[in-house]
Amino acid sequence: LPGDCVCPAGPALLFLKTSQGRGQGRRFYACSACRDRKDCNFFQWEDEKVSEKRLAAREEYNRKHQPPFTHRQNVERYKNFILLPLSKRRFCQECQQLLLPTEWENHSDHQFLCDISTAQLKSPSQLLHPLENKKTNAQYLFADRSCQFLLDIITDLGFRRVLSVGTPRLHEMIQSKASQQEDFRVRSLLLDIDFRYSQFYTEDEFCHYNMFNHYFFGGEAARETCRRFLHQGNGERVIMVTDPPFGGLVEALASSFKKLMAMWKEMEKEDMCHNNQEMPVFWIFPYFFESRILEFFPSFSMMDYQVDYDNHALYKHGKTGRRQSPVRIFTNLTPSMIVLPVEEGYRFCAICQRYVSSGNQHCEICNSCTSKDGRRWKHCTLCKRCVKPSWFHCNKCNCCALQNHECGKTDAGCFVCGEAGHKRSTCPSLSCS
């Protein structure tokens, strides 16, 4: 990667631009985090020579897009903020910033939230506006039900450290319980691209991090913070929990997660634990990415538990959403260890040795609980596999498909999720991530 291929989101990624029937295509660098040029217009052909003038303009652009304060300055500001009486605690909704009294005048024409309580400061994910740009941040937050379930599983399995990669609500739940309960031993480190969280957490609690290019904005100091956290001193086992934007490239995410896992492995050697294991991981992602995730992590398996989100119209329970969320937990832990709540309709399949949803019936022919979406799937003897209940076998195509499909039309599947029937631009993972 050329040293000048950097945008506000850190080092750019190398992509391939292809055109049908036009050879191998041409490679270019673009922003790792933004899929839309309106959000970040960085673009450079791999073989392009960039002029000094353009490099200078790029540096100036990157400088202007830096946060107004450093993490250390935000920590000091927070210390001053909590010393203020309630009547002088203000939060600028427009700038998404905690304000000290000397700064009020500069924000006089902005909307404020006043009387910011300690409880609000301990729940920043509810104070901050979620960044809901679907192609960039897709910052959808766990519903309390799913967040509490994850924390219960983590503690039941004996983990004492949680590397929270893009999971701010889980991080704050852990932080809150740790401050309120003396016997609560779990600790969390949040790695997130949303720098606004630096206003609420110290440098040992939050690292500004881009999970698409494994970039620590705080440099070696932040990387060392992460390394220290992964050190399993006193037998404190670590698990990584990550909830990436669903429109993100699986290959880029997998590359970053492997680097975090390698960092853990490096610390494990220092701890003299030579058991050749992987760092335990919960990767939360839609079920239709299963084949892509298993391609990079063959040791992973998908749990049936349906993860819900508070601020997503489709991915939560209730009258306004789907009855079934498509979001699942992928993990390298033994499936039988993940106990799913029976009161929510999950049951244990003794043959598969894992918990499954109530509609996921064991197929004796496949010898597996085959449903992926929570509905009961049916076995097709001609396809020799289970298929969705809405699919029927087409003798012309010699496979199962939707009843109103176009016969003879081959579809390699969406570039993002691999599912047939739509293109990348209309992928549900991009529009509903």
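Me: Which ring does the charged end of Arg237 sit over?
Reply: First, a word on what we're looking at: this is a predicted model, where local features need pLDDT of at least 70, side-chain atom pairs count only at pLDDT 80 or more, and totals for chains, interfaces and linings use all residues. Residues are numbered from 1 along each chain as its sequence is written, and side-chain values use heavy atoms, with hydrogens and water left out. A charge sits over a ring if NZ of Lys or CZ of Arg is within 6 Å of the ring centre and within 35 degrees of the ring normal. Arg237 has its charged end 4.1 Å from a ring centre, and that ring belongs to Phe159.

Me: And which residue's ring face does Arg161 lie over?
Reply: Here the distance to the ring centre is 5.8 Å. The ring under Arg161 is that of Phe229.

Me: How many aromatic pairs does the structure hold?
Reply: Rings of Phe, Tyr and Trp (its six-membered ring) pair if their centres lie within 6.5 Å; planes under 30 degrees apart count as stacked, over 60 as edge-to-face and the rest as tilted. Counted that way, the total is 20.

Me: What kind of pair do Tyr209 and Phe216 form?
Reply: Their centres are 4.8 Å apart, with 50° between the planes. That makes the pair tilted.

Me: Are Tyr209 and Phe216 buried or exposed?
Reply: Buried means under 20% relative accessible area, exposed over 50%, partly exposed in between (1.4 Å probe, protein chains only). Tyr209 and Phe216 both come out as buried.
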